[in-house]
Amino acid sequence: MPQTSKRVMINILLGLFIMLSIGLLVYYSPAIIKIMSSMDNFRAYIHSTGHWGPVMFILFQILQIVVAPIPGEVVQIAGGYIYGVTIGSLYTTIGLIIGSAIAFYFTRYIGRAYISRLMQKKNNKWMSLIHDEKKFSAFLFIFFVIPGLPKDMLVFLAALTSISSFRFFTILIVGRLPWIIASAVVGSTIHMQQYTIAIIISVIAVIGFVLGYIYREKLVGLFALSDRTKAKVKPKPSYSTNRESRKIKRDTT
């Protein structure tokens, strides 16, 4: 099969997959919203699935990363509320890794062109960072550490770069694990009605989010600034080069 035909076939299948995913999401959105409307509803649903409870919880975490507009912090807090700090953090991290792997490898090997066009249409300033792996790695880590910022889109963006899988997932886990555990602590303390710790962690998270949101543009500009500066600065010709040029011009005249 010619390369062009393969590309057309891949685009068709990709389009069908995206439309099917959107259709399923729209169809099941009311049920998902109802389940996630409160911690008690979510906990009751997970427990109602019996031994499949951990699997269903991990699937919700995967869904949150790949397609669904569910805030990640909600699922993370629910993990602690349902399973406690240790098990809740474990299940959340497993879902995070699997969901991020699906998004990362789908973008890198199948949907690269589509995701790239989508990012460009949104005029995303993060695109200016993808050409420098060290800067992008630092940028990823900072954004993963700050609570509340839109982290899931960065998984798709990272797949467009040359960053290695090992490096990316290391940054992902190290950057996000502290707040996964903190969120599980919040959920667990709420379930046990020990609200002091939950309030303290929540206040810290809100302050971190507010500061991160306010300075997000400056944060992006900080990493992109050196690239723009390098692009504007042109090397000046040396004195010896100018002297030789004048000499050649004199000789030719």
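Author: A residue counts as buried when its relative accessible area is under 20%, and as exposed when that area is over 50%. With that in hand, we can walk through this predicted model.

Reader: Happy to start there. Why is Ile201 called buried?

Author: Ile201 has a relative accessible area of 18%, and the limit for buried is under 20%. The value falls under that limit, so Ile201 is buried. Ile201 belongs to helix α10, and its C-alpha atom is separated by 8.5 Å from that of Val185, 16 residues apart along the chain.

Reader: How many helices and strands are there in the chain?

Author: The count is twelve helices and zero strands. Along the sequence, that reads as α-α-α-α-α-α-α-α-α-α-α-α. Of the 253 residues, 37% are buried.

Reader: What makes Gly187 buried or exposed?

Author: Its relative accessibility is 0%, to be set against the limit of under 20%. Gly187 is therefore buried. This glycine is part of helix α9. Gly187 and Ile82 have 7.8 Å between their C-alpha atoms, while they are 105 residues apart in sequence.

Reader: And Gly72, is that one buried or exposed, and how do you know?

Author: Gly72 has a relative accessible area of 7%. Because the cut-off for buried is under 20%, Gly72 is buried. You will find Gly72 in helix α4.

Reader: Let's turn to helix packing. What makes α3 and α4 roughly parallel or roughly antiparallel?

Author: Helix α3 covers residues 53–66 and helix α4 covers residues 72–83; they pack at about 165 degrees, and their axes are 9 Å apart. Angles over 145 degrees count as roughly antiparallel, so α3 and α4 are roughly antiparallel to each other. Where α3 passes α4, the crossing is left-handed.

Reader: Which word describes α4 against α5, and why?

Author: Helix α5 spans residues 85–109, and α4 packs on α5 at an angle of about 140 degrees, with 7 Å between their axes. That makes α4 oblique to α5, because roughly antiparallel needs an angle over 145 degrees and roughly perpendicular covers 65 to 115. The crossing of these two helices, α4 and α5, is right-handed.

Reader: How do you know what to call the packing of α4 and α9?

Author: Here the angle is about 50 degrees and the axes are 6 Å apart. So α4 is oblique to α9, because roughly parallel needs an angle under 35 degrees and roughly perpendicular starts at 65. The α4 and α9 crossing is right-handed.

Reader: Now the surface, please. Why is Met19 called exposed?

Author: Met19 has a relative accessible area of 55%, and exposed means over 50%. The value passes that cut-off, so Met19 is exposed. Met19 sits in helix α1, residues 3–35.

Reader: Which residues make the nonpolar surface patch?

Author: Val8, Met9, Ile12, Leu13, Leu16 and Met19 make that patch, with an area of about 580 Å².

Notes:
Residues are numbered from 1 along each chain as its sequence is written. This is a predicted model: local features need pLDDT of at least 70, side-chain atom pairs count only at pLDDT 80 or more; totals for chains, interfaces and linings use all residues. Side-chain values use heavy atoms; hydrogens and water are left out. Patches are made of residues with over 30% relative accessible area and no salt bridge: like charges are joined within 9 Å, nonpolar side chains (Val, Leu, Ile, Met, Phe, Trp, Tyr) within 5 Å. Accessible areas come from the Shrake-Rupley method with a 1.4 Å probe; for residues, only the protein chains shown count as cover. A salt bridge is a side-chain nitrogen of Lys or Arg within 4 Å of a carboxyl oxygen of Asp or Glu. Helices (H or I, at least four residues) and strands (E, at least two) are DSSP runs, numbered from the N terminus. Buried means under 20% relative accessible area, exposed over 50%, partly exposed in between (1.4 Å probe, protein chains only). Axes are lines fitted to C-alpha atoms, for helices over the stretch in contact, and angles run from 0 to 180 degrees between N-to-C directions. A crossing is left-handed if the near helix is turned anticlockwise from the far one by less than a right angle, and right-handed if clockwise.
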